[in-house]
Amino acid sequence: MNTTEEYTVDEKNGEIDILDEVTSREYQYGFVTDIEQEFAPKGLNEDIVRFISAKKEEPEFMLNWRLKAYRHWLTMKEPHWQNVQYAPIDFQDLHYYAAPKKKITLNNLDEVDPELRATFEKLGISLDEQKRLTGVAVDAVLDSVSVATTFKSKLAEKGIIFCSMSEAVKNHPELVEKYIGSVVPYTDNFYAALNSAVFSDGSFVYIPKGVRCPMELSTYFRINASNTGQFERTLIIADEDSYVSYLEGCTAPMRDEHQLHAAVVEIVAHTNAEVKYSTVQNWYPGDKDGRGGIYNFVTKRGICSGNNSKISWTQVETGSAITWKYPSVILKGDNSIGEFYSVAVTNNAQQADTGTKMIHIGKNTRSRIVSKGISAGKSQNSYRGLVRIGKRADNARNFSQCDSLLMGDKCGAHTFPYLEASNKTATVEHEATTSKIGEDILFYCNQRGISTEEAVALIVNGYCKEVMNQLPMEFAVEAQKLLAVSLEGSVG
Amino acid sequence: MLRIHDLRVSVAGKEILQGINLEINPGETHAIMGPNGSGKSTLASVLAGRADYEVLGGEVSFMGKDLLDLAPEDRAREGLFLAFQYPVEIPGVSNANFLKAAVNEVRKYRGQEPLDAMEFLALMKDKAKLVEMDPSMLSRSLNEGFSGGEKKRNEIFQMAMLEPVLAILDETDSGLDIDALRIVAEGVNKLQNEHRSVVLITHYQRLLNYIVPDHVHVLYKGRIVKSGGKELALELEEKGYDWIKNEVAQAAV
Ligand SMILES: Nc1ncnc2c1ncn2[C@@H]1O[C@H](COP(=O)(O)OP(=O)(O)OP(=O)(O)O)[C@@H](O)[C@H]1O
Ligand SMILES: [Mg+2]
């Protein structure tokens with residue numbers, strides 16, 4: 001078991017240490033950086049943290065928290081236990097703040113890179129959506145902003161809060177202060193600490209007691225959703241008896257000038273609440289040799305804090321040069337359920353180290369893990385999963401299914417399942433398979449009139465069905481096409 | 001329909017087919033026999049367009065087109081079908097889904113509308129009956145965990161679904177039990193008509209009792225060294241290949 005990443009789960013009390021309340025010295029020096037400046041200078045120090053906080057007009061508690069995180073970060077080392085390789089990152093050579101930039105506005109789609117357009121076509125992305133993604137001016141009627149406005153008023157009727165993290169910090173500070181860092185404390189790991197110190201923006205969701213969110217909450221509909229920057233922070237709170245399904249990302253290829261992305265997502269599900277979180281991640285993976293691709297180092301964790309609560313993660317990962325993320329669930333409430341459904345595709349020189357952690361604390365807690373890795377080209381795809389059954393977790397059950405699909409013979413798939421069970425009444429099942437799409441299979445398909453590209457899509461969709469079925473319908477269709485596009489030219 | 005002229009093929013630098021000549025007319029049934037390793041499967045694979053083979057020379061025309069110029073999927077869409085000696089397993093893809101993709105691809109190529117789910121299901125039920133295939137096999141992953149005989153029967157079921165103009169059956173009889181052999185052979189007979197031809201690659205006469213060939217060829221060391229009518233197969237059954245091998249050796253002197 002790796003020891004570099006630590007939980008702050010206190011097994012004896014079954015409690016999460018909300019925040020490691022280390023003494024925080026008040027900052028003794030005045031804040032000097034010019035507030036009008038649009039870019040913070042390169043590098044990271046306390047002044048930069050203050051600058052970011054001031055720019056965002058944050059309340060005192062937020063700044064203090066950021067500073068504590070920053071000071072803690074200074075004591076930490078970058079983790080290296082993942083099965084990925086990359087040149088060292090110089091953290092003093094990055095910009096940690098840039099004012100949200102205006103996108104370049106194009107007059108029509110003809111000005112868009114034809115290669116990008118071809119990909120959009122293949123993904124079946126509508127013209128309006130294409131315009132939105134590439135920054136072409138959109139007609140007033142179909143403007144996503146107006147859609148989002150009607151959408152917001154519907155949510156407001158139910159008392160649902162769905163806004164950017166920056167807005168939440170200003171307008172709902174009591175909620176933010178109560179919950180931020182309660183699931184992923186800044187002490188959690190190197191990148192979580194960094195994110196806590198300098199997070200740029202992200203989403204905030206609060207579903208009040210007894211409310212079933214009437215629609216999928218998608219980042220797409222959140223004004224200011226784009227340009228959340230490289231240190232995204234998302235917080236979702238589902239109060240008692242509530243339900244929400246949240247969608248992050250989109251299937252269209254996402255380019256970004258920042259190479260390092262270190263996001264944090266926290267979910268809290270109270271008694272009887274259910275949260276479904278679906279992601280499609282399609283960051284730029286770099287060229288064939290991985291040059292210029294994005295490093296995506298994410299900490300995602302949910303806590304089923306109340307009895308009978310449920311958190312379900314579904315992810316389709318096709319992008320980034322390097323990905324490591326382990327959406328996890330802490331099953332604290334009795335009878336709570338955690339689920340993880342994942343498809344992770346790597347092609348060319350991509351590297352992915354993903355998986356999940358299911359931490360069973362309460363009685364009769366159940367978790368289910370379905371991980372489908374697809375490796376093509378000379379990529380490396382690792383599954384890393386931890387199932388931990390605590391002492392009090394009587395009758396806890398886990399089922400894990402970890403499959404790998406290899407395309408060709410230059411790629412790699414690796415599985416690292418870890419199990420720590422300290423309750424004898426627990427049942428844990430693990431199944432794993434590895435299959436390969438070789439020339440034989442493709443020739444067989446060809447011989448039946450099915451082209452190689454279609455054969456790959458057919459096989460991959462069959463292979464991923466169980467995960468795709470978890471996605472909201474429209475999203476699933478797009479995600480299927482995305483898989484096909486990501487694997488284009490990977491075989492034959 | 002199919003004309004092979006002086007076809008020479010090598011695999012991994014070794015010349016396996018050393019000048020094959022063969023002509024197949026619509027409605028005909030040909031049997032290709034010959035000792036192990038003589039090149040029968042190689043011939044079938046080359047015709048179907050498998051990548052590992054290098055064509056050194058010769059021509060093949062199929063339905064008036066240059067076969068060797070077509071991509072493997074286009075050969076299939078033109079109506080060439082190969083029942084594999086060793087069918088592959090495709091986990092996660094049901095037999096039905098696989099065939100739906102295949103049938104609709106072929107239809108698209110021919111300018112026909114794709115079949116909807118209901119039409120496809122009806123067709124599948126109909127064809128499953130033809131080879132007496134258990135309907136539960138249709139929803140299972142393609143060939144996954146199928147017994148040897150079940151795989152062979154599934155090949156002929158696929159042939160029934162795709163209605164090829166030229167079907168090459170590579171040792172479809174091996175692995176089938178006595179009853180299954182009869183059922184599958186009857187299925188093949190029902191699929192044949194004056195426009196459709198069949199090539200049977202086999203080691204045994206018993207298949208030819210059910211599917212009676214118009215022509216029998218002996219492939220030996222990459223050449224067709226003897227051709228005849230159905231009685232040639234009987235003669236081989238009785239005498240083995242030694243007399244043919246001797247004839248070839250004599251001719252070479
Ligand atoms: N990929 C390959 N690499 C090397 N040799 C090959 C390859 N494929 C076929 N051969 C060789 O080509 C020869 C012909 O093989 P083929 O499978 O066509 O024989 P066959 O007539 O079908 O035999 P059988 O009756 O046993 O099925 C054999 O000697 C075989 O070992
Ligand atoms: Mg053979």
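Contact here means heavy atoms within 4.5 Å. With that in hand, let's look around. This is a predicted model, where local features need pLDDT of at least 70, side-chain atom pairs count only at pLDDT 80 or more, and totals for chains, interfaces and linings use all residues. Residues are numbered from 1 along each chain as its sequence is written, chains are lettered from A and ligands numbered from 1 in the order in which they are written, and side-chain values use heavy atoms, leaving out hydrogens and water.

Start with chain A. Of its contacts with a separation of 6 or more, 83% join residues 24 or more positions apart. Its secondary structure comes to 11 helices and 21 strands (DSSP runs numbered from the N terminus: H or I of at least four residues for helices, E of at least two for strands). Chain A has 492 residues, and 58% of them are buried (buried means under 20% relative accessible area, with a 1.4 Å probe and protein chains only).

Now for the inside. The largest nonpolar core has 115 residues, and Ile374(A), Leu2(B) and Phe98(B) have the most contacts within it. Such a core is a set of buried Ala, Val, Leu, Ile, Met, Phe, Trp, Tyr and Cys residues joined through side-chain atoms within 4.5 Å. Helix 10 of chain A, residues 452-468, gives the most to this core: nine residues. There's also a second, separate core of 57 residues, with Tyr206(A) and Leu260(A) among them. Leaving aside neighbours within four places in sequence, Leu2(B) touches residues including Leu22(B), Leu47(B) and Phe62(B).

Ser435(A) sits in strand 21 of chain A and is buried, at a relative accessible area of 18%. Beyond its neighbours within four places in sequence, Ser435(A) is in contact with Ser404(A), Leu405(A), Leu406(A) and Pro91(B).

Over to ligand 1, which has 14 residues around it (a residue is near if one of its heavy atoms lies within 4 Å). They divide into three nonpolar, eight polar and three charged. Nonpolar covers Ala, Val, Leu, Ile, Met, Phe, Trp, Tyr, Cys and Pro; Asp, Glu, Lys and Arg are charged, and the others, Gly among them, polar. Helix 1 of chain B supplies the largest share, three residues.

| Residue | Part of residue | Distance to an oxygen atom of ligand 1 |
|---|---|---|
| Asn36(B) | side chain N or O | 3.0 Å |
| Ser38(B) | backbone N or O | 3.2 Å |
| Gln85(B) | polar side-chain atom | 3.2 Å |

Notes
A polar contact is a pair of N or O atoms within 3.5 Å; within protein, one must be able to donate a hydrogen and the other to accept it, and residues adjacent in sequence count only if both atoms are side-chain atoms. Buried means under 20% relative accessible area, exposed over 50%, partly exposed in between (1.4 Å probe, protein chains only).
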